[in-house]
Amino acid sequence: MIRSVTNARVKDVVRLRQQPAYRRESGSFCVERPRELRRALDAAFDLAEIFVCPPLIDDPTLIERAAVGGAPVTEVTEPVLNKMSYRDQLSGFVAVLKARISAPADVTLEPPALVVVAGGVEKPGNIGAILRSADAAGASAVCLDAPDADVFNPNAVRASTGAVFSTTIVCDTPEALVAWLRTNAIHIAAAAPDAQRDYASVDLRRPCAIVLGAEDVGLGQFWHNAADVTLRVPMRGAVDSLNVSVTAALLLFEAVRQRADHRSS
């Protein structure tokens, strides 16, 4: 049992929780909610180690299931678990998992593909919420146009409600992503406030990639130039835009609606 908060393994978990660069370097990240761990196991993510405080465990069967794969299970005291944890409300464990991010060449898109591209989106909460919407809409993949995107930031994992485990995540440069989309004959539809066409008038039934820009700077010029069509969500009030994750959900489910209507007609 680990009893000291200065233990080297405790410090290592704290670094994973706090430092994006260390998460990237190690290819690891932490989860500490039962739903997150359950969905990670459902998706066959590799579990490196799990730290548990038995008196705080609500579902011992989940820990037993996690241990079946052979990952070390280490008992810790409550103060140690508190030191490791991102959340104030402890769940009785912190699990260390290996990240899973795909390169474009490793992903096969089955028709009719529906892809989301987050262009320059960096806020972990927005990334997680986009993943959640993509999973709900049955999207083929979520792409981030930064090879070092911090997809497994604790806030991103939490905001995704576990969709970070069930969604194919692709990270690469904008140029590599466009080349991959073109190779797969994916129509690129980019959301931009200055677009001439409303989103409902754009045909999203074909294999397509919905591209979204960061909230502070909007869609970058590269994606403007790469787009086959730009579309906008009309604003009826004083604000000029929606949160990027809300826009993602709106456009994804517009694509779902159009495809369902097409199948039933």
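Trainee: Which residue forms a salt bridge with D150?

Mentor: A salt bridge is a side-chain nitrogen of Lys or Arg within 4 Å of a carboxyl oxygen of Asp or Glu. Here R23 is the partner of D150, with 2.6 Å between the closest N and O atoms. Before going on, note that this is a predicted model, in which local features need pLDDT of at least 70 and side-chain atom pairs count only at pLDDT 80 or more, while totals for chains, interfaces and linings use all residues. Residues are numbered from 1 along each chain as its sequence is written, and side-chain values use heavy atoms, with hydrogens and water left out.

Trainee: Into which domains is the protein chain divided?

Mentor: Domain bounds come from an automatic or database domain assignment. The chain comprises domain 1 (8–98) and domain 2 (104–263), whose centres, taken over C-alpha atoms, are 30 Å apart.

Trainee: What is the area buried between domain 1 and domain 2?

Mentor: The size of an interface is often given as the accessible area lost when the parts come together. Buried area is that loss for two parts (1.4 Å probe), summed over both. For domain 1 and domain 2 it is about 1,300 Å², and carbon and sulfur atoms give 62% of it. Counting contacts (heavy atoms within 4.5 Å), 15 residues of domain 1 touch twelve residues of domain 2. The salt-bridge count between the two domains is one.

Trainee: How many aromatic pairs does a search of the whole structure find?

Mentor: A pair of aromatic rings is described by the distance of the centres and the angle of the planes. Rings of Phe, Tyr and Trp (its six-membered ring) pair if their centres lie within 6.5 Å; planes under 30 degrees apart count as stacked, over 60 as edge-to-face and the rest as tilted. The search finds six such pairs. One of them, F45 with F165, is edge-to-face, at 5.0 Å centre to centre and 85° between the planes.

Trainee: Where is the cis peptide bond, and what is its omega?

Mentor: Most residues other than glycine have a negative phi, and most peptide bonds are trans. In this model a cis bond joins P111 and P112, with omega of about -10°. A44, although not a glycine, has a positive phi of about 60°.
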